[in-house]
Amino acid sequence: MGVEIKGSRVTSEEIADMEHFVREYLAASVESEDDGGRMRWYPWHSAEYRFNHILNVVDIAEQIAAKEGADTDVVRVAALFHDVSKLEADQDVHAEEGARVARQYLETHGEYPESFVAEVCSSVEDHSYQGPVTDLSLETQCLIEADLLDKVGANGTTLMILRMGYEARTHMDAAEMVQRVLERGREHASRVESDTAESIAHERIKRVKWFREWLEDEVAEMSHDREFDAS
C-alpha cells in the first residue's frame with residue numbers, strides 16, 4: 001500500500017528500489033577507489049556498515065517523526081539518502097553531495113512534486129549542521145536526532161569493542177572504551193530537542209551504563225585501576 005506524499009505516492013516497491021540504489025551506490029564508491037576509499041581504516045567502515053547505519057537511522061527517524069508530527073515521508077526518504085555519498089566524498093561535503101545524488105535519483109525515478117524533492121534534499125544537505133537542531137525544519141531535526149542516536153547505546157558499544165579487537169587491545173581496556181561510548185552518548189543526547197529523541201537517548205545511555213557496571217563487577221582489576229563518573 002502506497003503512502004501519499006504531497007500529491008504523489010511512494011509505494012513500498014519504490015522505497016525498496018531506493019534502498020537497493022543506495023546499497024549499490026555505496027558498494028560502487030568502495031570499488032572505485034584503489035586504496036579502499038575514505039574512512040575505511042576499520043572493517044565496519046565499509047559499504048555494509050554504512051548501509052546498516054542508514055537503515056538504523058531510517059528506523060529511528062521514522063519513530064521520531066511519527067510521534068513529533070513531522071512529514072514521515074520526507075523524513076524516511078531523506079534518511080535513506082543522508083549518507084549515500086559518505087564513502088566517496090570528504091566529510092565536509094558529503095551532505096551536499098548526498099543531496100545532489102538524492103535530487104538526481106528522485107527527478108529520474110518517478111514523478112515526485114518539486115516541493116517534496118526540495119524538502120528531502122534540504123534535509124539531506126543540512127543533516128551535518130552543528131548548530132541547534134531547532135534552527136532547521138522539523139523533518140531535518142528528526143533526521144539529525146536519529147543520526148546522533150544511532151551512535152548511542154548497545155550498537156555504539158558493540159562497535160567500540162570491535163574496534164578494540166582491530167587495534168589488538170586487551171579486555172582490560174574495555175571499561176575505558178565503553179566509557180568513551182557513554183561520554184559520546186551524553187554529548188549527542190545534549191543536542192537532541194524532541195521529547196521522543198530524549199526518551200530514546202535516555203534508554204540507550206542507560207544500557208551503556210549497565211554494561212559498564214557489569215564489566216566493573218566482573219573484572220576486578222578494572223575497579224581498582226579506573227574511576228568513572230557514576231552519575
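Visitor: What makes the pair E62 and R76 a salt bridge?

Guide: The closest N and O atoms of E62 and R76 are 2.4 Å apart, and a salt bridge is defined as a side-chain nitrogen of Lys or Arg within 4 Å of a carboxyl oxygen of Asp or Glu, so the pair qualifies. The two residues bring together distant parts of the chain, with E62 in helix α2 and R76 in helix α3, 14 residues apart. This is a predicted model, in which local features need pLDDT of at least 70 and side-chain atom pairs count only at pLDDT 80 or more, while totals for chains, interfaces and linings use all residues. Residues are numbered from 1 along each chain as its sequence is written, and side-chain values use heavy atoms, with hydrogens and water left out.

Visitor: Which residues are linked with E62 in a network of salt bridges?

Guide: D73 and R76 are linked with E62 in that network, and the structure as a whole holds eight salt bridges.

Visitor: Why are α2 and α3 called roughly antiparallel?

Guide: Helix α2 (residues 47-68) and helix α3 (residues 72-81) pack at about 165 degrees, their axes lying 8 Å apart. Axes here are lines fitted to C-alpha atoms, for helices over the stretch in contact, and angles run from 0 to 180 degrees between N-to-C directions. Angles under 35 degrees count as roughly parallel, over 145 as roughly antiparallel, 65 to 115 as roughly perpendicular and the rest as oblique, and therefore α2 and α3 are roughly antiparallel to each other. The helices themselves are DSSP runs (H or I, at least four residues), numbered from the N terminus.

Visitor: Which residues of α2 and α3 meet?

Guide: With contact taken as heavy atoms within 4.5 Å, I54, V57, V58, A61, E62, A65 and A66 of α2 meet T72, V75, R76, A79 and L80 of α3. By class, this contact has nine nonpolar, one polar and two charged residues, where Ala, Val, Leu, Ile, Met, Phe, Trp, Tyr, Cys and Pro count as nonpolar, Asp, Glu, Lys and Arg as charged, and the others, Gly among them, as polar.

Visitor: What makes I144 buried?

Guide: I144, in helix α6 (residues 138-149), has 2% relative accessibility and therefore counts as buried. Leaving out residues up to four places away in sequence, I144 touches D126, H127, Y129, V133, L136 and R191.

Definitions and conventions. Buried means under 20% relative accessible area, exposed over 50%, partly exposed in between (1.4 Å probe, protein chains only).
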